[in-house]
Amino acid sequence: DVQRYEPRVALDGGEDGLDLFRRIVAAAGRLLHPGGWLLVELGGTQDQALGSALAASGFDRPESWWDEDGDLRGLAAQAAANLRHCGSDDPKVKCHL
């Protein structure tokens with residue numbers, strides 16, 4: 001049923017299922033102002049697997065949250081205060097104060 005309603009990119013996240021999340025993290029790192037928050041819904045151990053992508057994109061203090069059954073439900077990460085928005089679409093560009 002899910003295949004009938006969800007776009008392929010939502011169902012095929014690459015080898016580890018995190019390709020789309022990595023793209024979201026990189027884009028958020030470019031677009032959010034210092035102190036801005038990225039919130040994503042995920043599960044399993046995906047929060048741990050995104051740690052290096054978050055750090056590389058300028059996020060610090062990632063916080064995961066779980067439901068009442070102890071299942072991972074999401075992650076919040078704050079854009080570091082030492083980065084500023086520079087308007088570049090190049091994911092390799094980091095603008096520091």
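**Exercise 1.** In which helix do Asp19 and Arg22 both lie, and how many residues apart are they? Classify the contact between their side chains and the exposure of each residue.

*Solution.* This is a predicted model, in which local features need pLDDT of at least 70 and side-chain atom pairs count only at pLDDT 80 or more, while totals for chains, interfaces and linings use all residues. Residues are numbered from 1 along each chain as its sequence is written, and side-chain values use heavy atoms, with hydrogens and water left out.

Step 1. Asp19 and Arg22 belong to helix α3, three residues apart, about one turn of the helix. Helices (H or I, at least four residues) and strands (E, at least two) are DSSP runs, numbered from the N terminus.

Step 2. A salt bridge requires a side-chain nitrogen of Lys or Arg within 4 Å of a carboxyl oxygen of Asp or Glu.

Step 3. Buried means under 20% relative accessible area, exposed over 50%, and partly exposed in between (1.4 Å probe, protein chains only). Asp19 is partly exposed because its relative accessible area is 39%; Arg22, at 31%, is partly exposed too.

**Exercise 2.** How many salt bridges does a search of the whole structure find? Describe the one formed by Arg73.

*Solution.* Step 1. The search returns two salt bridges.

Step 1. Arg73 is bridged to Asp67, with the closest N and O atoms 2.9 Å apart.

Step 2. Asp67 has a relative accessible area of 18%, so this residue is buried. Arg73 is partly exposed because its value is 38%.

**Exercise 3.** What is the strand order of the open sheet, and which helix packs on the sheet?

*Solution.* Step 1. The three strands run in the order β1-β3-β2, with antiparallel pairing; two strands pair if DSSP finds at least two bridges between them.

Step 1. β1 and β2 are the edge strands, each pairing on one side only.

Step 2. On average, neighbouring strands are turned by 20° against each other, direction ignored. Axes are lines fitted to C-alpha atoms, for helices over the stretch in contact, and angles run from 0 to 180 degrees between N-to-C directions.

Step 3. β2 pairs with β3 (residues 72-79) over six bridges in the antiparallel sense. The bridge partner of Asp60 in β3 is Gln78.

Step 4. Helix α3 (residues 19-31) packs on the sheet and touches β1 and β2, contact being heavy atoms within 4.5 Å. The direction of α3 makes about 165° with that of β1.
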